[in-house]
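Some labels used for protein models rest on plain cut-offs. The questions below ask how a few of those labels were reached.

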Amino acid sequence: MNRVLSYALGAMLGLCLGSTHLKAQSVYGKVSDEKGEVLFGVSVFIEGTTLGASTDGNGFYKVTLKDSGTYTVVFSYLGFITEKEKVTLKKDQSLEVNKKLKEDKQVLGETVVVGYGVQRKREVTGSVTTLNSDQINDMPAPSFEAMLQGKAPGVQVIVGSGLAGSGSVVRIRGIASLSAGGDPLYVIDGIPVTQDYFLRGNSGGMNNNPLATMNPDDIESIQILKDAAATAIYGSRGANGVILVTTKRGKSGKLKIDFGTRTGISLPTQRPDMLSGPEFLQLYQEAWENDGNVGLAKLPGGVTWEQASKTNTDWVDQMIGVGMKQNYHLSASKGNEKFTFYTNVSYDDNGSYLKGNSYQRLSGRFNFDYNLNKNIKIGANTSLSRGQNNRVNAGWAGGLGAAMSTALPIYPVRNEDGTYFTGGTNPVRTQELFEWRTVENRAINGVYMEYYPIKNLTVRLQGSYDYMDITDRTYEPKELINSSHDGTAREYPNWVNNYNTIATANYNLKIKRLHNFNFLLGSEYQRSVYRSRSIEATNMSGPLWNTEANDSFTTVFNNPKQVSAFLSYFGRINYAYNNKYFVQLAARVDGSSRFGINYRYGFFPAISGGWIVSNEEFMRGYRWISFAKVRASVGRNGNASIPNYQRFGTYSPPENQIQYNNQPTTYPTRLENPNLRWETSLVSDLSIEMGFLKDRIQMELGVYNKNTKDVLASLAVPKSTGFSNYWDNVGAIVNRGIEFSATFHVVDRKNFKWTIITNAARNYNEITSIGVYSEDAVSGGTNDTRVVVGSPVGTNFLVPFSHVDPQTGKPVYIDINGNQTTTWDPADRIPVGSVLPKAIGGLTNTFRVKNWEFNMLWVYSIGGNIYNSSSKRQLGVVTDWNMTPEIFDRWREPGDVAAYPRLTLQTQTYGSGTPWINTTLYLHDGTYARLRNLSISYNAPEKFAKRLKLHAIRAQFIATNILTFTKYPGLDPEIARDFEDATDRNMSPNIVYLTPPQEMTFNLGLNLSF
């Protein structure tokens, strides 16, 4: 009976698959995974022949054979162990062979997400670095992008300051722009997300971090696309690299629940050391007397010597405390053949060591996939998050910045009558009275449908909506603004609506098992709408978010709406021959509303190839070489990350019109540029991947060259033209470098494993041309970083400091002709130092001893300079700024050999009319090595977990930034400060100015799986 049913099913299956020859021998059946979920696209072939087939959307296959006999059926599928089944077929027999494939953990680890698809790592012809969830979530960080540091070659991550929720500066293979955005494109589940760092400028000494609301616990993997072959499919968006974030999805099987919690504390990596009250008085009086004065100096802030001698306020101690951290997350996933889902809810309270500063995030996610039938699959991913940053001023805006500058130790916090001291800077008064919070609501949502109309063809439609609502809310009570009325409340809401639609068709073609083709065609449209508003209410008894106005006067100003759009068409062809030779052709056409009518569209092609040398016959004798692959690529990508509407000529608004002949007159404010066009990069890459001793040792070495032309820049226009700035394409930049990564499985035993992962990269950067413009025309960064042809982007442009004259105590400089002088002249400035480091890298050691795991990540940066802009006020002319103890190495009398000049209150003493001059005296070597992460984990035995009705138990201790080795004399050799705009972010990442140091944290964590 079973045989009859088998033949009947075989016949019916043959009809469904379009077979008209029912009497031929055949093998048919269904392929699924261990949990019974059907697998689509499994390669099923007869060993030693060219006969084969692929499973359809229901997991069915059929292979027809001409002759009866004994055959070996091979089942091969990406991410699963290849299985073989020997069968004997009689004449005209149809034999059912069902197969369940087991996951291949090692191969699954080599599966990488690429633009609009997935590939096996061995078949990838571009430069892609993959990080899994374990590598991403191994430590707490202000934002998920900070977790990439030290884990990917060629990726420089400058982690944010100690402010809660601060963002990092990420650079992939150097910097290729002057004024356009230099950060990589972030794509979350196929959605290019909003990543504007300047929605609120640098208010409070901090830029907006658009990635802060992303919950790292939701991330399954991150792929970093670096060369043109990998990024060309993103065309104009890929010039700075692409970071693909894939979130977790449900898997077939029983309901799985995971709960995790972590708690910890935050401290500064280094505490600022400032002069005490008596020390400040001593040095201030010394400067007074050095200037020829007698008697006691007149002190800042109207403070008398009697008052000052009784006061010794440690303002740093007033601003710094111990930050508390806590995190909780709960996730669930489940699935079957029809439906899978993943959901997660998380709460994170990230307290900074800065008193009153914390970032709280509440987030939720729900992802699902549903097979409607054998031809249609639908799914969605949605995330909702709310982040609240309880802000404090920092850097130039005050707070700890004030404690390191104008908050003098001779100032008291409060007067004798208990009121706040107001004669000089009092950051405690501001912090306790000024209420400030930034609230961000973020929703990143996407839906898709996949349709399988015929065998091997997948049509996918995807729509997404990225919504960002971020509002700055402040309240200044009357005590702070010295008003006779109630206080002033302000709100600055910003809304960004980002719409994205993608349509792709993907077709797999196999010819005689040796030739494998994959064809991809697609189109994408993205539209972004930005709106903002300013609200001010006076005579308020409290902030707008929790109080009503008391006869208040409210002013609302709506800023003009900004709209930008991209329209794209793209295609890709992948070809593989005999699992040894691989070729990829990719191209994309992008149109952007940001560019002039003459150059609206850009074309971005790429070609790449790979050769798995280890699969060749001549390599069989080299058994110690388990894998060898050579790959190369060349292609072009672009950059369109500039402010909107810069191509247009603009005119004065009605409220700014001038009067001419007693009539209001409109006048032009910006020149039109119809030729504003794409910034494009021609990128070439050559790499070799090696595996030795059955992949106990894995290495990759690559070199690259990136030539960027039509570099986008904001130009300073001569005032005589009547305009201020103008965007144009200028000159060229080159980046070239070398990258190396290696993994060593030093010991791989059952109860003891030791793994070393290391990477290093060297990038050379140079501006080769600025076209017809002069170096002065191209706007530079802050503190005399500027464009210099023949030097890196953002070269320090400073007057060289020589020494302190032992006889007079005056500073000695070097003029433009190389002669010594005591006069500081900006005409003597020259390019010095390097903004960019010579080499960056990371080193990870992981030890596993039975149930214990010890992990240690070191990151390092070699070369590169840091310009401490604070020092020119802390170690220069004595003003109303406090100073650091380095000033003790100063000139005091003839014959002294000192690091710093004699103290003075007069600016002309240092040969300048200003007390704050930029010289190489404050330019330092930025080399450092840092123990970024140290963790000790314990995985409870499985039997113990089961007794508690649990699947797994894991406890952790995690410490971050606990050791730093550097000769840099400042607070922290690695800080991403606040930036004024993209130009400043590109050209001045090595400038620090009262920037809070990074945080050092100690954390305990517990994870439970049910």
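Q: What do β25 and β26 form, and which residue in the turn has a positive phi?
A: β25 and β26 form a hairpin with 3 residues between them, and K512 in the turn has a positive phi of about 55°. Strands here are DSSP runs of E of at least two residues, and helices are runs of H or I of at least four, numbered from the N terminus. This is a predicted model, in which local features need pLDDT of at least 70 and side-chain atom pairs count only at pLDDT 80 or more, while totals for chains, interfaces and linings use all residues. Residues are numbered from 1 along each chain as its sequence is written, and side-chain values use heavy atoms, with hydrogens and water left out.

Q: How do you know that β25 and β26 pair?
A: Two strands pair if DSSP finds at least two bridges between them. Strand β25 (residues 487-511) and strand β26 (residues 515-540) have 22 bridges, in the antiparallel sense, so they meet the rule. One of the bridges joins N497 to V529 in β26. β26 is also joined to strand β28 (residues 562-577), antiparallel, by 16 bridges, and there the bridge partner of Y525 is L567.

Q: Why are β40 and β45 said to stand at the edges?
A: The open sheet has 3 strands in the order β40-β41-β45, with antiparallel pairing. β40 (785-786) and β45 (830-832) each have a single partner strand, so one side of each is left without a neighbour in the sheet. β40 pairs with strand β41 (residues 795-798) over 2 bridges, and the rule asks for at least two, so the pair counts. R786 has T795 in β41 as its bridge partner.

Q: Why is N725 called partly exposed?
A: Buried means under 20% relative accessible area, exposed over 50%, and partly exposed in between (1.4 Å probe, protein chains only). N725 has 26% relative accessibility, so it counts as partly exposed. N725 lies in strand β38 (residues 725-748). Contact means heavy atoms within 4.5 Å; leaving aside neighbours within four places in sequence, N725 is in contact with R670, S714, L715 and V717.

Q: Is D189 buried or exposed, and is its phi positive or negative?
A: D189 has a relative accessible area of 15%, so it is buried. The phi of D189 is positive, about 50°, although D189 is not a glycine. Most residues other than glycine have a negative phi. D189 sits in the loop between β14 (185-188) and β15 (191-192).

Q: What makes K949 exposed?
A: K949 has a relative accessible area of 72%, so it is exposed. The loop between α12 (942-947) and β51 (952-966) holds K949, and phi of K949 is near 65°, a positive value in a residue other than glycine.

Q: What makes the set of 59 residues a nonpolar core?
A: A nonpolar core is a set of buried Ala, Val, Leu, Ile, Met, Phe, Trp, Tyr and Cys residues joined through side-chain atoms within 4.5 Å. The largest such core has 59 residues, and those with the most contacts inside it include W315, L400, Y813 and M883. α5 (277-290) is one of the elements that give two or more residues to this core, and α5 gives the most, with 6 residues.

Q: What makes a space a cavity, and what makes one a pocket?
A: On a 1 Å grid over the protein atoms alone, a cavity is a set of points where a 1.4 Å probe fits but cannot get out; a pocket is an open set with protein on both sides within 12 Å along at least five of seven lines, and lining residues have an atom within 4 Å of a point. The count is 12 cavities of 30 Å³ or more. The largest cavity has a volume of about 420 Å³ and a lining of 38 residues, with the largest share, 4 residues, from β12. The second largest pocket holds about 1500 Å³ of space and is lined by 50 residues, with D196 and R594 among those nearest its centre. β26 gives the most to this pocket lining, with 5 residues.

Key. Grid points are joined across faces, edges and corners, and a volume is the space filled by probe spheres set on the points.
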